[in-house]
Amino acid sequence: MYKLDLPVDLKEAALLEKRREIELQRQSRVFNSKVRTIGVDKQALDAQVHDNKIQQEIENKRQEAYDTQRLQHDKIVCLLDERQKEDIRNLNKATNDFRLCFQKKEDRREYDLYDPNALKKDLPPRISDDDKRCSISGVQRLMGEDLNKLNRKKEQQEQLREWSLQQQQEWAKALEDKKFADTMYDKMSIKLDQKAVELQMMEEKAKRDVCYSTKDFNRAQAEEASERKKLEKQQEEEDNSVEISNLIDGDLLSENPAQAASAFGPHRVVPDRWKGMTPEQVNEITNVQQQQIQEKKRLMEEEKQKLAEWDQKRVQAARTMILLERQQKRQEKELRKAQDHINLQLADAQKAQKIYLDREVFSNAPTAQYFEQFNTTSR
């Protein structure tokens, strides 16, 4: 039997396999600088936290924009509701004025049935000489009376004609006043509609400005994020290449194979012949670590500066929204002042019209003295 045909020792093979696995695990830990220095990928965790904060800020801004838009819509609805109530109030007032002026109870067809002054308005016992109610025994008509019958009749006809002309003039004046009131109401409605359209256009413009500013802000953030990722990737590639070159050319892995060569293979070393790293190698590793710390501080300062710039942009956007809201409030205040001024003018016109009707149109109302002159004598 030759020496090569000897059976394999299983125990020795298991030990060799275990040592090989331990060596592979050790190499993976030594070659990975992040695991050796930190233990976890802290930059990835910081990037995730930063992205979550940016997403939360964007959501808060969107919610604030929605709240502002909802408040503006509520204000517009309140203004429209007040306008509708005012129109209904004016219509009811005009209806009541029309009823008081043109639908009086004296003009009803059945008013003679429940007129309280029916007795005063009743015909006297004698109207004229030809009154059929005057009997012979009543001594209400005697021969030779009423010599001025023709003159009185002409005067009565002239008085009736004057009354008719005066009534026609009053009707014409009332129609002109009604046309003037309708014209003023139409002008007021058109003016209010124009103000509402202008307010709506201003609101839409403010919405478009907010959308444009939000879009520009999001685009700037996306460009900045992509540029940051590109720089981080480039920096990582450079760090990896530098790390690989340092690991290949450094003293840590370039030990003298002739000094610590093992008889079991070229990939193994003899532990008792390896003297460890030199002070220069330790100083070089320390310097690399210090450089990494300084680089990390620089990145943190840049991130803090970017956050400050974002906060400044957010404050500027909020200030712009406050200025827009104040401008809208001032315009609404001016609109209310103009509407109040127009209402005062309409009220003064109505008061003047009422005074004119009371003093000029309805000034010739019959008094109690006019009715007391009848039925005072037996003739």
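**Notes on the predicted model**

1. Thr95 has its place in helix 3 (helices are DSSP runs of H or I with at least four residues, strands are runs of E with at least two, and both are numbered from the N terminus). Its relative accessibility is 29%, so Thr95 counts as partly exposed (buried is under 20% relative accessible area, exposed is over 50%, partly exposed is in between, with a 1.4 Å probe and protein chains only). The side chain of Thr95 also comes to 2.8 Å from the backbone oxygen of Leu91. That is a polar contact (N or O atoms within 3.5 Å; within protein one must be able to donate a hydrogen and the other to accept it, and residues adjacent in sequence count only if both atoms are side-chain atoms).

2. Before going on, some ground rules. This is a predicted model, where local features need pLDDT of at least 70 and side-chain atom pairs count only at pLDDT 80 or more, while totals for chains, interfaces and linings use all residues. Residues are numbered from 1 along each chain as its sequence is written, and side-chain values use heavy atoms, with hydrogens and water left out.

3. On the overall layout, the chain has seven helices and two strands, and reading along the sequence gives α-α-α-α-α-β-β-α-α. The chain exposes about 32,400 Å², and 56% of that comes from carbon and sulfur atoms (Shrake-Rupley, 1.4 Å probe; for residues, only the protein chains shown count as cover). Of the contacts between residues at least 6 apart in sequence, 63% join residues at least 24 apart (contact: heavy atoms within 4.5 Å).

4. Phe102 is also in helix 3, which covers residues 42-102. With a relative accessible area of 31%, Phe102 is partly exposed. Together with Phe98 and Trp171, Phe102 makes a nonpolar surface patch of about 300 Å² (patch residues have over 30% relative accessible area and no salt bridge; like charges are joined within 9 Å, and nonpolar side chains, namely Val, Leu, Ile, Met, Phe, Trp and Tyr, within 5 Å).

5. How many salt bridges are there? The count is 18 (a side-chain nitrogen of Lys or Arg within 4 Å of a carboxyl oxygen of Asp or Glu). Arg89 pairs with Glu86, with the closest N and O atoms 2.4 Å apart. Both sit in helix 3, and because they are three residues apart, about one helical turn separates them. Arg89 is partly exposed at 47% relative accessibility, and Glu86 is partly exposed as well, at 22%.

6. Two more pairs deserve a look. Arg109 and Glu110 form a salt bridge with their closest N and O atoms 3.3 Å apart; Arg109 is exposed, with a relative accessible area of 74%, while Glu110 counts as partly exposed at 36%. In the bridge between Glu162 and Arg161, the closest N and O atoms are 3.5 Å apart. Glu162 is partly exposed at 39%, and Arg161 is partly exposed at 40%.

7. Lys75, Glu325 and Lys329 are linked in a salt-bridge network. As for Gln328, this residue lies in helix 6, residues 279-361. Is Gln328 buried or exposed? At 11% relative accessibility, Gln328 counts as buried. Leaving aside residues up to four places away in sequence, Gln328 touches Gln72 and Leu199.
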